[in-house]
Amino acid sequence: MGKVYKILLIFMSLLLLSACGIPSSEDRSVQGTVKDIDQVNNRILVISDLATDDLEEDTNKLIQSNKYSEVYWVSGVNLSVFNVGDEIDITFKTLETSYPGLLTAKKYTKL
């Protein structure tokens, strides 16, 4: 019985570890408003359902407030196309779930 238990334990561990590390093969998307443009790191900050009043709020204060759950630094976009306040739809494969999240756009559309 001990050998079967060990094999089952190893199998379950590998299953859990592989599920954490393999990104979904399906593309996902998010929509939001451009809150900030980071020229130095070549990325934009996108916040879903951003209130118009918060466009003028200091970006760091807004992030630290945790007022919004979907906040992403997005790379892989042409910064010259966007201004603060623009709406964007982003398609991506993987997302680093830090706060703000980090993602690389596979495709994007200015709305």
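Which side chains meet in a salt bridge at 3.0 Å, N to O? The side chains of Asp27 and Lys106 do so, a salt bridge being a side-chain nitrogen of Lys or Arg within 4 Å of a carboxyl oxygen of Asp or Glu. The model is predicted, so that local features need pLDDT of at least 70 and side-chain atom pairs count only at pLDDT 80 or more, while totals for chains, interfaces and linings use all residues. Residues are numbered from 1 along each chain as its sequence is written, and side-chain values use heavy atoms, with hydrogens and water left out.

The strands are described here before the side chains. Helices (H or I, at least four residues) and strands (E, at least two) are DSSP runs, numbered from the N terminus. Seven strands form an open sheet of mixed pairing, in the order β5-β6-β3-β2-β1-β4-β7; two strands pair if DSSP finds at least two bridges between them. The edges of the sheet are β5 (95–96) and β7, each of which pairs on one side only. Strands β2 and β3 run antiparallel and are joined by five bridges; within this pairing, Val46 has Tyr72 of β3 as its bridge partner. Strand β3 also pairs with β6 (residues 101–104), in the parallel sense and over four bridges. In that pairing, Leu102 of β6 is the bridge partner of Trp73, and Ser75 stands opposite Thr104. Strand β3 is mostly covered, with four of its five residues buried; buried means under 20% relative accessible area, exposed over 50%, and partly exposed in between (1.4 Å probe, protein chains only).

The nonpolar side chains were examined next. A nonpolar core is a set of buried Ala, Val, Leu, Ile, Met, Phe, Trp, Tyr and Cys residues joined through side-chain atoms within 4.5 Å. The largest such core has 14 residues, of which Ile44, Val74, Val77, Ile88, Ile90 and Leu103 touch the most other members. Two or more residues come from each of β1 (28–38), β2 (43–47), β3 and β4, and β4 gives the most, with three. Apart from this core lies another, of eight residues, among them Ile47, Leu50, Ile63 and Val71. When neighbours within four places in sequence are left aside, the contacts of Leu103 (heavy atoms within 4.5 Å) include Val30, Tyr72, Trp73, Val74 and Ile90.

Two arrangements involve aromatic rings. Rings of Phe, Tyr and Trp (its six-membered ring) pair if their centres lie within 6.5 Å; planes under 30 degrees apart count as stacked, over 60 as edge-to-face and the rest as tilted. By this rule there is one aromatic pair. The ring centres of Phe82 and Tyr108 are 5.7 Å apart and their planes stand at 50°, so the pair is tilted. Phe82 belongs to the loop between β3 (71–75) and β4 (87–92), whereas Tyr108 lies in strand β7 (residues 107–110), 26 residues apart. Phe82 is buried, at 3% relative accessibility, and Tyr108 is partly exposed, at 27%.

Across the whole structure, five salt bridges are found. Asp27 forms one with Lys93, the closest N and O atoms being 3.5 Å apart. This pair links the loop between α1 (2–21) and β1 to the loop between β4 and β5, across 66 residues. Asp27 is partly exposed at 36% relative accessible area, as is Lys93 at 35%. Asp54 lies in the loop between β2 and α2, and Lys67 in the loop between α2 and β3. Asp54 is buried at 8% relative accessibility, whereas Lys67 is exposed at 52%. Through shared partners, Asp27, Lys93 and Lys106 form one network.

Some backbone features remain. Most residues other than glycine have a negative phi, and most peptide bonds are trans. Asn42, in the loop between β1 and β2, has a positive phi near 55° and is partly exposed at 43%. Asp49 likewise has a positive phi of about 55°; Asp49 is found in the loop between β2 and α2 (59–65) and is exposed at 71%. The peptide bond from Tyr99 to Pro100 is cis, with omega near -5°, and Pro100 is found in the loop between β5 and β6.
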